[in-house]
Amino acid sequence: MTRRAVARTFVYLSLIAATLVVLLPLGVVFLTSLKSSKEIANGSGALSLPDDLLNFHNYVTAFQDGRMLSAFGNTALILLVAIGGTVLIGSMTAYAIDRFTFRLKKTVVALFLVAALVPGVTTQVATFQIVNSFGMFDSLWAPIALYMGTDIVSIYIFLQFVRSIPISLDESARLDGANAFTIYRKIIFPLLKPAIATVVIVKGITVYNDFYIPFLYMPSEDLGVISTSLFRFRGPYGAHWEIISAGAILVILPTLIVFLSLQRFIYNGFMRGATR
């Protein structure tokens, strides 16, 4: 009993420490976003409360001067098209790998794994040349095309769920005259809803938070997404940390709300995909 109590105490202390490590920076950013420039100039402590807890002037400045509305619109368009493409390509790939027998099948699967192990930065020169040759540089199509390339995690999630669907359903449909695409569209895809929810959330957060690809392929200010728009605050507001913090909170809020609302789909999707 003593060992169990000590172990439980250690677990709780570890969880409390991990929570503090995660929440403390967010708390500092939030408190800073509510402070005035005078408070920041006077060197108020990072965890000190602002004089006015309802001071939202910094948020208005960040939203208007940072062109956050346009940034959210560009981000939403990229998310919608890129995630839709990821779901279609990933689910079709998983269906083909699991249900069809073809030459070099194992080689194709191995190449997916090898591609996942290659650092993306090593192929950026060739990727940039390809994107530029197609005339997609400095347009929304550049990040959309790059994000639509399904990663190995998405394929793995879909593959585990496809394997859990009985092949007898495919055979019954074929007896009724359905072809492979009809089986995928009417049987496989509707049964992949938990996997789709998981991929949409995981991929969506990745795309939403990405900075490198939008910054490299869309240098124009009118094509800014939320990450690059926040980065551009370093110019006119390089010393105004209260404005930068307000912009950071505006960027964090949508992700936080979506994650807290749909986190059970993430956990359930990974758990079901791992145990079936």
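**A crossing of two helices, and two further helices**

Helix 4 passes helix 8 in a right-handed crossing, meaning that the near helix is turned clockwise from the far one by less than a right angle. This is a predicted model, in which local features need pLDDT of at least 70 and side-chain atom pairs count only at pLDDT 80 or more, while totals for chains, interfaces and linings use all residues. Residues are numbered from 1 along each chain as its sequence is written, and side-chain values use heavy atoms, without hydrogens and water.

The axes of helix 4 (residues 68-99) and helix 8 (residues 152-163) come within 8 Å and cross at roughly 50°. Helix 4 and helix 8 are therefore oblique to each other, since angles under 35 degrees count as roughly parallel, over 145 as roughly antiparallel, 65 to 115 as roughly perpendicular and the rest as oblique. Axes here are lines fitted to C-alpha atoms, for helices over the stretch in contact, with angles running from 0 to 180 degrees between N-to-C directions. Helices are DSSP runs (H or I, at least four residues), numbered from the N terminus.

Helix 14 (residues 241-275) contains Ser245. Ser245 is buried, with a relative accessible area of 9%; buried means under 20% relative accessible area (1.4 Å probe, protein chains only). Leaving aside neighbours within four places in sequence, Ser245 is in contact (heavy atoms within 4.5 Å) with Val29, Thr32 and Ser33.

Helix 11 (residues 193-209) has 17 residues, which at 1.5 Å a residue should span 24 Å, and its end C-alpha atoms are 24 Å apart, which agrees. The expected span is 1.5 Å times one less than the number of residues. Among the buried residues of helix 11 are Ala195, Lys203 and Tyr208.

Methods:
Buried means under 20% relative accessible area, exposed over 50%, partly exposed in between (1.4 Å probe, protein chains only).
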